Amino acid sequence: MVKKWWNEKVAYQIYPKSFYDTNGDGIGDLRGVIEKLDYLKDLGVDIIWLSPCYRSPLADQGYDISDYYDIDPRFGTMADMDELIAEAKKRDMYILMDLVVNHCSDEHEWFKKACEDPDGKYFYIADAKDYKLPNNWRSYFGGPVWEDLPGTNKQYLHVFHKKQPDLNWENPEVRGELKKVIRFWKNKGIKGFRFDVINVISKPELFEDDLEGDGRRFYTDGPHVHEY
């Protein structure tokens, strides 16, 4: 068996918000991670897995990303991230980032454009059926997976929080935009990613009612999940 770079390495997950606060605002930050690198190295940590620190309204603790190319000001700046990557490398440590590509925030520019142009196909948007929701699926956060698309008579799909509209992976343009995100961070020196809820990115062709459950059996491990 050919060994991969991560074999026999120790990974440690850090949720920046609650890790170490360096500016006294009660919120952990990236500078806190930088200051603790030697401590983490002494613990035997090789890989730091950062929970999301992208710009976000934090409706779901940062797993609702409003800008994939920026650091949320609560946690610091892009310069802080660059320094963290560089300082980790000096210590033979690696940074791995949590990346959410099944959905984004409803405050992302893509969703704002979808409200203006519902036919843009970046999200799953449907018409109501005789004043009923498109189907009876339930979200992981409770309630239906459908929410009114602001300014329209349509609904958008969110299998998690209503502020996390699902991206339409059947659209090659969406896949292309997310590849750009991955390249951007890899070029900065991020060693890898932990892809949140990656097993639900492929939805079925028909959004039929689930007469046996809450619908997740239809969209979990979907028809193109491995391909994508």
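Predicted model: local features only at pLDDT ≥ 70, side-chain atom pairs only at ≥ 80, totals over all residues.

Biologist: OK, in what order do the strands of the open sheet come?

Modeller: The order is β1-β2-β5-β9, four strands with parallel pairing. Strands (E, at least two residues) and helices (H or I, at least four) are DSSP runs, numbered from the N terminus, and two strands pair if DSSP finds at least two bridges between them.

Biologist: Which strands stand at the edges?

Modeller: β1 (11-14) and β9 (192-196); each has a single partner strand, so one side of each is left without a neighbour in the sheet.

Biologist: And how many bridges join β1 to β2?

Modeller: Four, with β2 covering residues 47-50. Y12, for one, has I48 in β2 as its bridge partner.

Biologist: Switching topic: is D166 buried or exposed?

Modeller: D166 is buried, at 0% relative accessible area; buried means under 20%, exposed over 50% and partly exposed in between, with a 1.4 Å probe and protein chains only. D166 lies in the loop between β8 (154-157) and α5 (172-188).

Biologist: What does the D166 side chain reach?

Modeller: It reaches the backbone nitrogen of V159 at 3.0 Å. A polar contact, also of 3.0 Å, joins the side chains of D166 and K203. That term means a pair of N or O atoms within 3.5 Å; within protein, one must be able to donate a hydrogen and the other to accept it, and residues adjacent in sequence count only if both atoms are side-chain atoms.

Biologist: Now T220, where does that lie?

Modeller: T220 is in the segment after α6 (216-219). T220 counts as partly exposed because its relative accessibility is 21%. The side chain of T220 reaches the backbone oxygen of R216 at 2.7 Å.

Biologist: Which ring does the charged end of R216 sit over?

Modeller: That of Y140, 4.0 Å from the ring centre. A charge sits over a ring if NZ of Lys or CZ of Arg is within 6 Å of the ring centre and within 35 degrees of the ring normal. Y140 is also touched by T220, where contact means heavy atoms within 4.5 Å.

Terms used
Residues numbered from 1 in each chain as written. Heavy atoms only, no water. Lists of a residue's contacts leave out its neighbours within four places in sequence.
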